[in-house]
Amino acid sequence: MQRIETVTIIGLGRTARAAAAYLMDKGVHVTMWGRSRDRVNEIREHGMEITGCCMGHYCPETTDDLAQGLEHAQLVLVMTLASGHRDVARQMKGCLRPGQDILIFNGNWGAYEFYQELGNVWKSHQITIGETGSMLFLADYAEGACHVKSIKKEIGAAAVPASETSA
């Protein structure tokens, strides 16, 4: 399995911020995408203050242009509300490149919604769509900082197609 060097996180909430900090600590280049230009600009201009299990001031690349955000990603982490999965999948359809993989955090059938929305794109682009059974990070947001309370050691995951789950 090749080392993941570039990740795009879809979402700007507390768990997305925790994931960005965690990955940046591991040397991964992180781009964060959000629908709200104001929230994107806030992180772009001021960065993110993270406390707890990850600590520091982080300045990930941010964008509200989904195609730009996905351009160099090896892995896409979807960290939106479950009610937003289908819409995000629809928007991503024309932006994905061959070999990119998608992992939906706290899936809630998100992988199946992506599978439906992407049609044959996942197959022609050799994209594995996975989802987790829970969130990896327990985080809170207060007073301008994201506090990462804990990072789980293990979570369940599944993929579409199912044969790709072990990968």
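Let me start with contacts along the sequence. In this predicted model, take the contacts between residues at least 6 apart in sequence: 66% of them join residues at least 24 apart. That figure is for the protein chain as a whole.

Next, the secondary structure. The protein chain has 11 strands and 6 helices.

On to overall dimensions. The C-alpha trace spans about 45 × 30 × 30 Å along its principal axes. The radius of gyration of the protein chain is 15 Å, and a compact globule of 167 residues would come out near 15 Å, so the two agree.

Now burial and surface. Of the 167 residues in the protein chain, 47% are buried, where buried means under 20% relative accessible area. The chain exposes about 8,800 Å². What share of that do carbon and sulfur atoms supply? They supply 50%.

Charges next. The protein chain carries 16 positive and 19 negative charges. How far apart are the mean positions of the two sets? They are 4 Å apart.

Where is G119 found? It sits in the loop between α5, residues 110-118, and α6, residues 121-124.

How values were computed. Residues numbered from 1 in each chain as written. Predicted model: local features only at pLDDT ≥ 70, side-chain atom pairs only at ≥ 80, totals over all residues. Heavy atoms only, no water. Helix = DSSP H or I, 4+ residues; strand = E, 2+ residues; numbered from the N terminus. Rg over C-alpha atoms; globule rule 2.2 N^0.38 Å. Buried < 20%, exposed > 50% of the residue type's maximum accessible area, 1.4 Å probe, protein only. Contact = heavy atoms within 4.5 Å. Areas by Shrake-Rupley, 256 points an atom, 1.4 Å probe, with all protein chains shown as cover. Lys, Arg positive; Asp, Glu negative; His and termini not counted. Charge placed at Lys NZ, Arg CZ, Asp CG, Glu CD.
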